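Dear colleague,

Please find below the structure that I am handing over to you. My notes on it follow directly after.

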Amino acid sequence: MTNPTPAGRPAAGQDDRPGQAARPRAPAQHGTLITVAPTGAESLKSAVPALPVTLDELVTTAKECQAAGAAVIHVHIRDDRAQPTLDLARLTDTVAALRESTDLIVQLSTGGAVTDGFASRLAVLDAAPDACSLTCGTVNFGDEVFSNPWPFIRDLYARTKELGVVPEFELFDLGHVATLHRLLGDLGAPHGGHVHCDLVMGVPGGMPGNAATLVQAVSALPPGATWSATGIGRTTLPVMFAALSAGGHLRVGMEDTVSFARGRPVTSNAELVERAAALAELAQRPPMRPDEARTLLGVSGRR
Ligand code: KMH
Ligand code: ZN
């Protein structure tokens with residue numbers, strides 16, 4: 001039997017119920033960070049009418065999702081024709097509007113659409129978001145290629161540090177985990193000091209969205225890193241259950257799935273957040289508030 005602590009209580013990780021021999025117990029539970037990715041760059045508004053594409057639609061969605069339990073919003077924006085854009089003025093206005101109307105951590109996508117060039121993806125940071133996505137490698141993306149060569153990854157990461165933007169490392173494949181280690185080894189810790197990753201699983205061409213792959217990817221992450229996971233399309237639910245059981249956080253939203261169940265389209269991002277929040281509650285890891293998420297991720301107060 002392990003020695004008791006000075007206060008006479010069993011050491012952390014042991015069962016302290018009266019009459020119980022010391023034995024391992026589950027790690028301390030923590031809340032669940034829920035990120036909503038409401039729009040993405042791939043779905044067409046004409047095919048998915050519930051997709052938020054205008055600033056008004058995005059702000060309304062953000063408010064609903066915060067009320068449902070989201071703490072972070074991962075943002076792609078659209079132009080007047082509902083096409084993906086990285087227009088800097090629009091991005092800046094979007095950051096301002098989301099800050100005005102919600103407490104959510106505003107994370108801009110630097111991935112954009114597969115057709116976006118590196119210069120405009122780097123310039124996203126000039127819109128001064130709280131946080132940004134940073135994909136750690138190239139991946140086949142359906143019939144396309146989502147291009148993230150090492151020099152671009154390095155430049156983007158260096159720029160996040162210069163501008164004080166907290167990166168979330170997007171990992172679409174196991175090789176991306178290796179690149180994350182290389183990046184941290186070469187350039188050091190991110191702004192905010194904490195490494196948070198998002199496993200994007202089930203993209204055709206990336207790692208599959210299942211529990212075995214999730215466990216393998218998580219076991220390769222840097223020590224101390226936290227992580228979310230999202231499964232694209234029909235891998236949404238298996239990945240969500242696997243992430244919760246493995247102690248991870250959740251990303252949901254219409255960027256990743258437009259079906260709520262077989263044959264039943266998603267009607268709003270909020271219903272995806274509500275479902276994630278309900279499962280998190282069931283797992284006794286309730287949704288984190290935005291201020292708790294700021295502390296976890298090292299995102300400082302509003303600039
Ligand atoms: N739209 C994808 C090509 C990100 O936001 O950083 C890339 C993507 C990743 O969605
Ligand atoms: Zn995205």
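The buried residues of helix H7 pack against strand S10 (196-201), helix H6 (211-219), strand S11 (226-231), strand S12 (249-252) and helix H8 (269-282); contact means heavy atoms within 4.5 Å. Helices (H or I, at least four residues) and strands (E, at least two) are DSSP runs, numbered from the N terminus. In H7 (residues 236-245), Thr236, Val239, Met240, Ala242, Ala243 and Leu244 are buried, that is, under 20% relative accessible area (1.4 Å probe, protein chains only). Glycine 247, with a positive phi near 85 degrees, follows H7.

This is a predicted model, in which local features need pLDDT of at least 70 and side-chain atom pairs count only at pLDDT 80 or more, while totals for chains, interfaces and linings use all residues. Residues are numbered from 1 along each chain as its sequence is written, chains are lettered from A and ligands numbered from 1 in the order in which they are written, and side-chain values use heavy atoms, with hydrogens and water left out.

Ligand 1 has among the residues around it Ser109, Gly111, Phe141 and Glu255, each with a heavy atom within 4 Å. A nitrogen atom of the ligand lies 2.8 Å from an N or O atom in the side chain of glutamate 42. For histidine 74, a side-chain N or O atom is 3.0 Å from an oxygen atom of ligand 1; histidine 76 likewise has a side-chain N or O atom 3.0 Å from a ligand oxygen.

Yours sincerely

Technical notes:
Buried < 20%, exposed > 50% of the residue type's maximum accessible area, 1.4 Å probe, protein only. Polar contact = N/O pair within 3.5 Å; in protein donor to acceptor, adjacent residues only side chain to side chain.
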